[in-house]
Number of protein chains: 2
Amino acid sequence: MKDEFKLIRKLLASASRSIEGGGDFIKVPPGDDACLLSGLRNPVITTDTHRENIHFSFDWQTPEEIGRKAVSVTLSDLAASYAKPVSLFVNLGIPSPFSEKTAEELYKGIGRGLAEYNCTLGGGNISGSDLLSLDLFAIGEGSADLFPLRSEAKPGDGLYCTGPLGMARAGIDLLKKKDTEFQSLVNSFKFPKPRFDAAKVLLNHGIRCVIDISDGLKGDAMHLAEASNVTIELSIDRRNIDHDLTAFCEKYRLKPEDMAIAGGEDYELLFSCSQDVYGKLKKDLPDAYPVGQCLMFTGKHILAPSSELSSFQHGR
Amino acid sequence: MKDEFKLIRKLLASASRSIEGGGDFIKVPPGDDACLLSGLRNPVITTDTHRENIHFSFDWQTPEEIGRKAVSVTLSDLAASYAKPVSLFVNLGIPSPFSEKTAEELYKGIGRGLAEYNCTLGGGNISGSDLLSLDLFAIGEGSADLFPLRSEAKPGDGLYCTGPLGMARAGIDLLKKKDTEFQSLVNSFKFPKPRFDAAKVLLNHGIRCVIDISDGLKGDAMHLAEASNVTIELSIDRRNIDHDLTAFCEKYRLKPEDMAIAGGEDYELLFSCSQDVYGKLKKDLPDAYPVGQCLMFTGKHILAPSSELSSFQHGR
């Protein structure tokens, strides 16, 4: 175990150094008791956990894919908060034995995820564990103008989404079925993209109510509805559903709307605003489309088409 | 499992609200995707992991003691960096089943640890796990004047410590032996105190080389010596060893110096400076005492009296 720790510390140090622009953010790099960052006007903090056999599996993901996705998923919460990534900290729980090759690939993936969004690796901690776990902690610089909240949905607002839904859920189903068709769906599951680009547009249009879709449209709309004390009526137009997802659903006799509403790990942004604002914003974000309406609270937070799929839960 | 998550989210929210002064630091509290803090001039970040049967055990610690100690130990790295606690984030891995009473006591301990050092709970994450784990991320506001480093020890410096060593190691030995004598030693293991008070004195005297002693004097002196490229010659005067530790060592036929040098989890601060500076500083920090000398690197980083105890390792 001791040599593995040494190896991983080495990888941590090299991943940290490899990020260009790290010097702008990190004043004192990992290695001391703590890391000193440059001053932050609006520090935005988020944490996430990725555990073997709950959030990922070596059965269908390579170590590099696992590392890269853990970073993307954590940074997605910064995108949903209009914050620019600054630094990520990774606490690793590693099982014994843990091969040098696996550790190297895991860090390669973490490094790749960080480089994609110009984020530094600030440090972390390593300890023994029964299964591999990654606890990630990301720090971002928030917008000086606006911190979006899930509690800002108003009756009368429309509910909108920045991109296609349900693809990642189909992707993990394909991996479990060992079906090699529809690689675009598998890629949606393996390589989610935090929507920093879409967040920029939403911020420019003053959108105050945003959440990223990790638990699925229904699950995350529920979070919005509860926090805002509104009822949300969900509806998905079939024309907004991805072609490959539609073909997948035909093959497996599933309803595409069910997959879009109940599927998880999309990491698109869900937001609410007036129809007027949506009309203007749509020009800058052509992939956005309506997924529902916010109503006065009727006693039930979510009204959704009946579905045979249960809401997405990790590890089920 | 789902109900347990709900309960813990409730406890997280209540622990967060219960911290006085939280409003000064936390602009948007836990509950959204991310937490927004007030601006930080010198953000200092540290991470720590506490895993069942490696870092703690329900065999000899209550859930409240486990929560409180996890907080203190994490904040100790901020003390060693001259940073004032701002906010703590806790990622919990909880086994199933996990009783409501255990969860409540764990959070009571976390809340107590936070209140002792005027730190807020910024948020966290909960997921299933085989054994209980706490991944903690602490954010502090560093000093504008000085960020101490482990690489600043110079040949000719003395090496000093802010308080008694070896007591926590004896404490865990007593718990394992089910020996109820020497409660002060057990308390040293159960209730470590981050030395923010001593850090303030060290900062006032411009001490540039500081580390907190978690791995034991020998282990952490090694970290200083490696980072500073010096040889450290350790020596402990028996007069600086705690009376109860001396009595414990008599009972179990151990050398008190061995316990002080190899024992871990003391969380005192280890620092280096010239004898002149130490002479002035000692007036403000009467419990400080010398534990060694920094020399030109001789090819070996640590010279220590021969010992029958191996260096401290968690979970061994």
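**Entry 1**

I began with A:P97, which sits in the loop between strand 4 and helix 4 (100-116) of chain A. The model is a predicted one. I checked the peptide bond from A:S96 to A:P97 and found it cis, with omega near 0°. Then I turned to chain B. There B:P97 lies in the loop between strand 4 (83-94) and helix 4 (100-116). The bond from B:S96 to B:P97 is cis too, with omega near 0°.

**Entry 1: chain A as a whole**

I counted elements next. Chain A has eleven helices and twelve strands. It holds 316 residues, and 55% of them count as buried. I also looked at how far apart in sequence the contacts reach. Among contacts between residues at least 6 apart in chain A, 86% join residues at least 24 apart.

**Entry 2: helix 3 against helix 4**

I looked at a helix pair in chain A. Helix 3 and helix 4 of chain A pack at an angle of about 35°, and their axes are 7 Å apart. The crossing of these two helices is right-handed. On the side of helix 3 of chain A, the contact residues include A:P63, A:I66 and A:V71. Helix 4 of chain A contributes, among them, A:L106, A:Y107, A:I110 and A:L114. I sorted the residues of this contact by class: seven are nonpolar, five polar and six charged.

**Entry 3: how the two chains are related**

What rotation superposes chain A on chain B? I found 180°, with 0.0 Å of shift along the axis and an RMSD of 0.0 Å. That is the relation of a two-fold axis. I then asked which C-alpha of chain A is nearest the axis. It belongs to A:L40, 2.6 Å from the axis.

**Entry 4: the interface**

I went on to where the chains touch. In this contact, 47 residues of chain A meet 47 residues of chain B. Several elements of chain A each supply at least two residues to the side that touches chain B, including strand 2 (35-37), helix 3 (63-79) and strand 5 (120-128). Strand 3 of chain A gives the most, with eight residues. By class, this side of chain A has 19 nonpolar, 18 polar and ten charged residues.

I compared the two sides. Of the interface residues of chain A, 100% are also interface residues in chain B, so the copies meet through the same surface.

Strand 2 of chain A pairs with strand 3 (residues 43-51) of chain B, antiparallel, over two bridges. A:C35 stands opposite B:I45 in strand 3 of chain B.

**Entry 5: a sheet in chain B**

I traced a sheet in chain B. Six strands form an open sheet in the order 8-10-7-11-9-12, with mixed pairing. Which strands stand at the edges? They are strand 8 (209-212) and strand 12 (302-303) of chain B; each has a single partner strand, so one side of each is left without a neighbour in the sheet.

I looked at one pair in detail. Strand 7 (residues 158-161) and strand 10 of chain B run antiparallel and are joined by four bridges. B:C161 has B:L270 in strand 10 of chain B as its bridge partner.

Then I checked what lies over the strands. Helix 8 of chain B lies across strands 7, 8, 9, 10, 11 (289-296) and 12 of chain B. Helix 8 runs at about 155° to strand 9 of chain B.

**Entry 6: helix 5 of chain B**

I listed the buried residues of helix 5 (residues 167-177) of chain B. They are B:M167, B:A168, B:R169, B:A170, B:G171, B:I172 and B:L174. What covers them includes helix 6 (183-190), helix 9 (243-251) and helix 10 of chain B. After helix 5 of chain B comes B:K178, with a positive phi near 55°.

B:N229 lies in the loop between helix 8 (217-228) and strand 9 (230-234) of chain B. B:Y267 also has a positive phi, near 60°. B:Y267 is in the loop between helix 10 (256-262) and strand 10 (269-273) of chain B.

Buried or exposed: which is B:N229? It counts as exposed, because it has 12 C-beta neighbours inside 10 Å. B:Y267 is buried, with 24 other C-beta atoms within 10 Å.

Technical notes. Residues numbered from 1 in each chain as written. Chains lettered and ligands numbered in written order. Predicted model: local features only at pLDDT ≥ 70, side-chain atom pairs only at ≥ 80, totals over all residues. Contact = placed C-beta atoms within 7 Å. Nonpolar A, V, L, I, M, F, W, Y, C, P; charged D, E, K, R; others polar. Pairing = 2+ DSSP bridges. Buried ≥ 20, exposed ≤ 12 C-beta atoms within 10 Å, placed from the backbone. Axes fitted to C-alpha atoms, helices over the stretch in contact; angles between N-to-C directions. Left-handed = near helix turned anticlockwise from the far one by under 90°. Least-squares fit on C-alpha atoms with pLDDT ≥ 70 in both.
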